[in-house]
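Let's take a walk through this model together.

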Amino acid sequence: MTGSALLENVRMSLRSIRANKVRAFLTALGVMIGTGAVIAMLALGAGAQRSVESSLESLGSNLLLLYSGQPKGGSLVRRSTTNIVPTITEADIVAIRAMDPELVASVAPESSASGQAKFGNASTTVTIVGTDVEYPTIRNIHPVMGEFFLPTDVESRKAVVVLGAQLYDDFFGGMGDPVGQKVRLNGLSYRVAGLMERKGNSTTDLSVFIPISTYQRYIIGAKDFALVNIQAGNTDRMREAQSAIEATLLRLHKMPSLEVADFYVANQLDLLDTLQGVAGTFTLLLGGIAAISLIVGGIGIMNIMLVSVTERTREIGVRMALGAKTNDIIAQFMTEAIILSVGGGLIGVALGVGSSYAFSIWGGLASTVEPMSVVLSFGFSLVIGLVFGGYPAYRASQLDPIEALRYE
Amino acid sequence: MIEVSGLSRHYTMGPTTVKAVDDVSFTIQSGEFVAIVGPSGSGKTSLMNILGCLDSPSAGSYRLAGDETSKLKKDQLAEIRSRRIGFVFQSFNLLPRESALENVELPMIYQGVSRKNRRERALAMLQKVGLDGREGHLPSELSGGQRQRVAIARALAGVPSILLADEPTGALDTKTGVEIMELFHILHRDGATLILVTHDPKVARQAHRVIQVEDGKILADVAASEWVP
């Protein structure tokens with residue numbers, strides 16, 4: 001087919017579309033919604049993936065978590081270490097600290113328990129976290145006022161506390177400098193040393209941090225730890241660090257294998273994999289549903305094109321009598337179907353991009369439009385036009401000119 | 001121009017075979033004005049479909065401008081229609097959404113004529129049938145006679161070897177019908193080969209030669225002046 005014939009087909013198709021404006025719009029609407037939905041859903045999926053990544057990054061980098069007990073239901077992340085029987089001993093910590101700094105950069109054991117915090121007449125339930133001075137570095141959470149407690153505070157079991165952001169709101173109305181104020185934890189008075197930045201997750205923001213030594217003396221008498229935060233020295237050697245820690249602890253605990261051990265190590269990379277897997281499935285699911293709607297849109301196009309072919313049987317007969325070949329007829333109807341689907345696709349792209357921005361601005365949902373998803377869904381709408389326009393066009397081309405000319 | 005020999009077109013309808021065209025032979029020279037006449041059901045429409053390369057014969061030979069067409073495939077027949085045949089229909093069969101000019105351009109699109117040449121030739125054809133000034137009108141804005149003129153211009157636009165008109169005056173009033181017949185006479189005088197298919201003896205008599213068909217066979221093939229219906 002020559003370029004001029006193609007142009008002629010486009011002109012004729014536009015004319016036929018203009019002659020049935022409402023019908024053409026409704027036909028293209030299916031593809032519009034489908035394309036828009038694919039883009040918006042993929043954007044939501046990508047946004048979810050991004051926020052998973054960034055919230056994992058906010059946990060700290062190169063993070064290994066050594067937990068007491070066994071992972072529950074295959075989940076690598078435990079929401080809270082409260083009320084877990086601690087099994088990790090001081091000797092374990094010493095052994096881990098002694099490892100190659102390329103593998104283990106810093107270590108902060110952590111125990112926690114629910115407790116009562118009081119300031120003046122205000123009182124609330126908090127998670128009291130006993131930990132070491134390296135905690136802020138490893139978990140990537142830093143004081144915004146005052147400072148985290150110091151090695152001397154740990155050594156001399158000082159009654160100092162670093163507040164979580166939520167507690168600052170509850171006790172101080174989110175205003176003023178809390179440093180130097182006295183807060184009571186389980187009845188004992190602590191001097192506020194600092195205020196932690198807001199992390200946006202309730203577990204961290206509702207915690208108060210005190211030296212591990214103080215915790216062991218005043219909160220819970222046990223010498224062992226429920227959780228140890230470990231920062232690996234090198235991202236590339238995180239799995240190696242994990243194996244080394246596991247081997248060391250198996251030896252110290254005299255345990256035959258990890259399956260029966262009273263501890264386990266969660267690796268940030270594994271968490272990332274797991275969560276990305278979840279987000280990926282989520283994206284696939286949403287995108288799949290949206291793609292189905294795009295296919296339904298395509299079926300709409302096929303339906304209308306079949307009606308159009310029937311309505312224009314006589315016209316097809318005339319064109320054949322005047323010398324139109326099989327391919328001329330196919331090209332004419334395909335052009336019309338493709339214009340409908342591509343036109344719908346273009347508007348759908350605009351709808352999809354627009355609505356994913358609307359999601360993030362007004363809906364508070366993370367959504368990221370990836371250029372690939374635009375190309376993908378637009379390409380898909382083109383393919384839909386080709387596939388679903390193909391059959392009606394073929395039907396048209398196979399009409400018998402004599403029958404078609406006689407059609408009323 | 002046209003050589004038909006032993007031509008048959010049989011349709012099988014259940015147990016019976018209908019011989020719409022049955023062992024027909026004739027030749028038509030270039031520049032002739034021939035009427036194929038017969039009542040409805042005589043087989044003249046089947047014969048016209050074969051002459052117009054819309055259909056293939058069951059048996060026999062049909063040579064158009066020297067080329068055997070009886071064994072051609074669908075697209076090859078379309079090519080012959082495009083290059084050699086101009087159709088004029090009883091019900092005009094103009095495309096309702098296209099202007100007169102665009103309707104005339106249509107066969108040239110399938111011939112692959114460039115846009116500029118198409119336009120020029122279409123304008124010339126419309127002038128030839130006396131419709132200059134009506135190029136932009138839609139068929140619905142034209143009278144029956146004018147529509148048939150557009151259809152004739154369209155049939156001529158592809159520069160066909162033969163012009164095949166199927167009851168061209170059938171949908172027109174007498175006066176307009178006469179005008180259209182006058183146009184055919186002018187075209188004939190200018191050298192066109194015309195085949196007119198009609199059931200109307202008065203129309204048939206205006207041709208120079210009459211082929212009378214009945215029950216799929218040729219009943220008479222004589223000069224119009226000697227024809228007795």
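Predicted model: local features only at pLDDT ≥ 70, side-chain atom pairs only at ≥ 80, totals over all residues.

Residues are numbered from 1 along each chain as its sequence is written, with chains lettered from A and ligands numbered from 1 in the order in which they are written. Helices (H or I, at least four residues) and strands (E, at least two) are DSSP runs, numbered from the N terminus.

Back to that pair. Strands count as paired if DSSP finds at least two bridges between them. Zoom out and you find an open sheet of four strands in chain B, ordered E2-E1-E4-E5, with antiparallel pairing. At its edges stand strand E2 (16-28) and strand E5 (67-68) of chain B; each has a single partner strand, so one side of each is left without a neighbour in the sheet. Helix H1 (residues 44-51) of chain B packs on this sheet, touching E1, E2 and E4 of chain B. Contact here is set by C-beta atoms, placed from the backbone, that lie within 7 Å of each other. The direction of H1(B) makes about 60° with that of E2(B); axes are lines fitted to C-alpha atoms, for helices over the stretch in contact, and angles run from 0 to 180 degrees between N-to-C directions.

Now move to the other sheet in our tour of chain B. This open sheet has six strands in the order E6-E7-E8-E3-E9-E10 (chain B), and its pairing is mixed. Strand E6 (85-88) and strand E10 (217-223) of chain B are the edge strands, each pairing on one side only. From one strand to the next, the twist averages 15°. Within the sheet, strand E3 (residues 33-37) and strand E8 (residues 193-198) of chain B run parallel, joined by five bridges. Look for Val34(B), which stands opposite Ile195(B) in E8(B).

E6(B) deserves a stop of its own. Four bridges join E6(B) to E7(B), and the two run parallel; Val88(B) stands opposite Ala165(B) in E7(B). What covers the faces of E6(B) is worth checking residue by residue: Ile85(B) and Phe87(B) on one side, and Gly86(B) and Val88(B) on the other, are all buried. Buried means that 20 or more other C-beta atoms, placed from the backbone, lie within 10 Å of the residue's own; 12 or fewer make it exposed, and anything in between partly exposed.

Next comes helix H5 (residues 144-157) of chain B, which packs on the six-stranded sheet. H5(B) touches E6 and strand E7 (162-166) of chain B, and its direction makes about 170° with that of E6(B). The helix has 14 residues and reaches 20 Å from its first C-alpha to its last, close to the 20 Å expected at 1.5 Å a residue (1.5 Å times one less than the number of residues). How enclosed is H5(B) by the rest of the structure? Largely so, because eleven of its 14 residues are buried, among them Arg147(B), Gln148(B) and Arg149(B). The buried residues of H5(B) pack against E6, helix H3 (100-111), helix H4 (115-128), E7 and helix H6 (174-189) of chain B. After H5(B) comes Val159(B), whose phi is positive, near 50°.

Over to chain A. Leu405(A) sits in helix H14 of chain A and counts as buried, with 22 C-beta neighbours inside 10 Å. Leaving out residues up to four places away in sequence, Leu405(A) touches Arg314(A), Gly317(A), Val318(A) and Ala321(A). Leu405(A) and Arg314(A) are 91 residues apart in sequence, yet 5.0 Å apart in space, C-alpha to C-alpha.

Finally, the two chains meet: the contact takes 19 residues from chain A and 21 residues from chain B. On the chain A side, H1(A) gives the largest share, six residues.
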